Amino acid sequence: MKCTITLDNTNYEVNTDFPYSAAIELNFNGEQPNHYGAEQAQKTPMTAGSFIGNTEQGGSCNVNLLNFNPHCNGTHTESIAHICDQSAALSLPIGTITPPPLMPCVLVSVMPEHGISSQEDYSPALTDNDMLITRAQLEPSLNTYSNAQLQSLAIRTLPNASTKKTEIYNDDNQPAFFSREAILLLNERGVEHLLVDLPSIDRLHDDGLLTCHHLFWQVIEEQHQPTTNSLINKTITELAYFDDIISDGFYFINLQLTALINDATPSKPVLYAAEPLQE
């Protein structure tokens, strides 16, 4: 199906027959990405009396119990509730957020740089081993696009090996993260939905500060109460994977979320190419 979407007085043709999924397929009990030493995602057949939810074991159908950590076992999307008290009125669970079915989205690729040699900041202080995504890297790429096109922003880190889909992130394999200035740039440009192929926009070990999460949602640092200035409807999607077949550029995205009353949910971001129509 082809549809026409008007944005900033420009008409775009979007062919929904050709989706590009940016989700890592979660292979329960098999190879899968992992962050922070979390337990592996597993599934086991349900049992109830004489019933077993496995046709290969004599059951009438397959009914599996799933045990996983949305944050650490695969592609997931977070709401402001990730860093705020669950009892706070403005701490929206991810299941209460319903993004538009097709949102403008820009995909850009960046090569993280040594943080200690950059001119940008982070809390806690940067170390020799830190790899950083900076404002200086992102700003030239984003200048090509209008704020309206940047409702969603997908960031692919380089190199883009397919091993990202089963990468184990730990003290010996610490992922890159964002500088303060980079996140402030995204807020200035009006990015509402940020998607990254990293397990977190913050450092693996950051003394529990989650500096970039707080900046993105505008929650006072080291506090867990959103205020009327907080950007409560924004989301962060982490551990996505943008295959090389998807080139940098402008798309529309369908951010598929489940209705969990939780701070995060497994998610499936789907990109659709957007071709400007000649007037």
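Reader: Which residues is lysine 164 in contact with, leaving aside its neighbours within four places in sequence?

Author: Lysine 164 is in contact with Ile24, Pro33, Thr157, Pro159, Asp197 and Tyr241 once those sequence neighbours are set aside, where contact means heavy atoms within 4.5 Å. This is a predicted model, in which local features need pLDDT of at least 70 and side-chain atom pairs count only at pLDDT 80 or more, while totals for chains, interfaces and linings use all residues. Residues are numbered from 1 along each chain as its sequence is written, and side-chain values use heavy atoms, with hydrogens and water left out.

Reader: Is lysine 164 buried or exposed, and where is its place?

Author: Lysine 164 has 9% relative accessibility and therefore counts as buried (buried is under 20% relative accessible area, exposed over 50%, and partly exposed in between, with a 1.4 Å probe and protein chains only). Its place is in the loop between β12 and β13, the latter being residues 168–169; strands here are DSSP runs of E with at least two residues, and helices are runs of H or I with at least four, numbered from the N terminus.

Reader: Which strand does β12 pair with in the parallel sense over four bridges?

Author: β12, residues 152–157, pairs that way with β15, and two strands are said to pair if DSSP finds at least two bridges between them. Within this pairing, isoleucine 155 stands opposite valine 196 of β15. β15 also pairs in the parallel sense with β16, residues 235–238, over three bridges, and there histidine 193 stands opposite threonine 235.

Reader: Which way do the residues of β15 point?

Author: In β15, which covers residues 193–196, His193 and Leu195 point one way and Leu194 and Val196 the other, and all of them are buried. In a regular strand the side chains alternate between the two faces of the sheet.

Reader: Switching to the helices, which residues of α2 are buried, and what covers them?

Author: The buried residues of α2, which spans residues 180–188, are Arg180, Ala182, Ile183, Leu185, Leu186 and Asn187. Their cover includes β11, α1 (135–142), β12, β14, β15 and α3 (211–217). Just after α2, glycine 190 takes a positive phi of about 80°.

Reader: You mentioned β11 and β14; what is the order of the open sheet of three strands?

Author: The order is β10-β11-β14, with mixed pairing, and the edge strands are β10 (113–114) and β14 (177–178), each of which pairs on one side only. β11, residues 131–133, runs parallel to β14 and is joined to it by two bridges, with isoleucine 133 opposite phenylalanine 178.

Reader: And the chain as a whole: how many helices and strands are there, and why is it called as compact as a globular protein of its length?

Author: The protein chain has three helices and 18 strands. Its radius of gyration is 20 Å, close to the 19 Å that the globule rule gives for 279 residues, so it is as compact as a globular protein of that length; the radius is taken over C-alpha atoms, and the rule is 2.2 Å times the number of residues to the power 0.38. Buried residues make up 50% of the 279, and residues 24 or more positions apart account for 71% of the contacts with a separation of 6 or more.
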